[in-house]
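Please read the sequence and the model side by side. The paragraphs below go from one part to the next.

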Amino acid sequence: MPRPDFPRSLREFQRRFADEEACRLYLAASRWPDGYRCPRCGFGDALELPTRLLWRCKKCGRDTSVTAATVLHRTHTPLTQWFWAAYLITTHTPGMSALQLQRQLGIRRYETAWTMLQKLRRAMLRPRREPLRGTVEVDETYIGNQEGLRGGRELGDRALVVGAVEVRGRASGRVRLQAVPNASGASLTGFVKANVELATIVISDGWQGYAPLSGMGYRHRPKTQGRPERAEVILPRVHRVFGNLKTWLRGTHHGVEAKHLQAYLDEFTFRFNRRRTPMAAFQTLLGLGAQRAPITYNQLYGVE
Ligand SMILES: [Zn+2]
């Protein structure tokens, strides 16, 4: 049996996660999609200890936490509040500030909202990542004062970001973004190697930093761009992503510390790659996916 599915609308979410018990049962179903099984003796029946979020084996007495390895572990905040927070953060497209979260959920203390948001954000930074494949556009862009970048003195007043986007017909598939120290061959090919499957067709501009790619096992297709404006024509998808990224940095966050730039890039990537399935993302944020095989790319996008 697969792990439980996720709600597909706000109404369904409200109905399914109406109280603590519903959330607890959902956690248990995520942990044991085939039914409870004691990790020590293998027995299939347990007594639930709701206040401690533990399941106690009816045969050997072993306690198993349903929240181990999730952001909910040892929380004192109600599960319903966590579920709603994860829901809001994943479905509210531009993302959310701690103050917005506090207001939306009626959380009394700002610090509680802030801590929840930090934990959920951290969960966005380390999802399991399958490399990009097929055909991929790669290019770099500068993030600077216009995007509210602060404290980037060691980088000059702007930071270089390299991006890769899968070509899916005329549309875009998944994206990867990384802040790099410079546009050297080592920086750029290192990024491609870490994020793109070998033998993928990689389209870039004519910059020599990308030249080593064909020797590394990629099918490199450099395109001479001529005037800089032409970059948007020869690499339209990655430039669309750069445009969205800059709007997002300016609009939602009102500026970004240079030392946190990568975390913002990762959050943008998490949202972008799940833009068609925000409801599935809430499971990932709560850490429920980590216990089972995560949703594959194909399940996520319904291809092949
Ligand atoms: Zn047992």
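Tyr142 stands opposite Leu160, a residue of strand β7. This is a predicted model, in which local features need pLDDT of at least 70 and side-chain atom pairs count only at pLDDT 80 or more, while totals for chains, interfaces and linings use all residues. Residues are numbered from 1 along each chain as its sequence is written, and side-chain values use heavy atoms, with hydrogens and water left out. Strand β4 (residues 135-143) pairs with strand β7 (residues 159-168) in the antiparallel sense, over eight bridges. Strands here are DSSP runs of E with at least two residues, helices are runs of H or I with at least four residues, and both are numbered from the N terminus. Two strands pair if DSSP finds at least two bridges between them.

These two strands belong to an open sheet of five strands with mixed pairing, in the order β8-β7-β4-β9-β10. At its edges are β8 (171-180) and β10 (219-223), each of which pairs on one side only. On average, neighbouring strands of this sheet are turned by 25 degrees against each other, direction ignored. Axes are lines fitted to C-alpha atoms, for helices over the stretch in contact, and angles run from 0 to 180 degrees between N-to-C directions. In a regular strand the side chains alternate between the two faces of the sheet.

Which strands does helix α6 touch where it packs on the sheet? Helix α6 (residues 185-195) touches β4, β7, β8 and β9 (201-205), and its direction makes about 130 degrees with that of β8. Contact means heavy atoms within 4.5 Å. The buried residues in α6 are Ser187, Leu188, Thr189, Phe191, Val192 and Asn195. Buried means under 20% relative accessible area, exposed means over 50%, and partly exposed lies in between (1.4 Å probe, protein chains only). The cover over the buried residues of α6 includes β4, β7, β8 and β9. An α-helix has 3.6 residues a turn, so residues three or four places apart point the same way.

Helix α9 covers residues 261-273. Its 13 residues should span 18 Å at 1.5 Å a residue, and the end C-alpha atoms are 18 Å apart, which agrees; the expected span is 1.5 Å times one less than the number of residues. Because 11 of its 13 residues are buried, α9 is largely enclosed by the rest of the structure. Among the buried residues of α9 are Leu261, Asp266, Phe268 and Phe272.

Asn244 lies in α8 and is in contact with Phe268 and Phe272, leaving aside neighbours within four places in sequence. Asn244 has a relative accessible area of 39%, so it is partly exposed. His239 is also placed in helix α8 (residues 236-253). With a relative accessible area of 19%, His239 is buried. Not counting residues up to four places away in sequence, His239 touches Asp139, Ala231 and Glu232.

Gly217 sits in the loop between β9 and β10. At 38% relative accessibility, this glycine counts as partly exposed. Gly217 and Leu198 are 19 residues apart in sequence and 5.8 Å apart in space, C-alpha to C-alpha. Apart from neighbours within four places in sequence, Gly217 is in contact with Leu198 and Ala199.

Strand β1 (residues 46-49) and strand β2 (residues 54-57) run antiparallel and are joined by four bridges. Leu49 stands opposite Leu54 in β2. The hairpin of β1 and β2 has four residues between the strands, and Leu53 takes a positive phi near 55 degrees there. Three bridges join β2 to strand β3 (residues 63-65), again running antiparallel, and Ser65 is the bridge partner of Leu54 in β3. The hairpin of β2 and β3 has five residues between the strands, with a positive phi of about 85 degrees at Gly61 in the turn.

Which residues are the protein donors of the zinc ion? The donors are Cys38 (SG), Cys41 (SG), Cys57 (SG) and Cys60 (SG), lying 2.3 Å from the ion. Donors are N, O and S atoms within 2.8 Å of the metal (3.2 Å for Na, K and Ca); water is not among the atoms, so sites may look incomplete. The donor residues are spaced C-x2-C-x15-C-x2-C in sequence. The four donor atoms subtend angles of 103 to 113 degrees around the zinc ion, which makes the arrangement tetrahedral; four donors count as tetrahedral if all angles lie between 85 and 135 degrees. Cys38 counts as buried at 3% relative accessibility, whereas Cys41 counts as partly exposed at 34%.

Definitions and conventions:
Four donors count as tetrahedral if all angles lie between 85 and 135 degrees; four count as square planar and six as octahedral if opposite donors are over 155 degrees apart and all others between 65 and 115; anything else is irregular.
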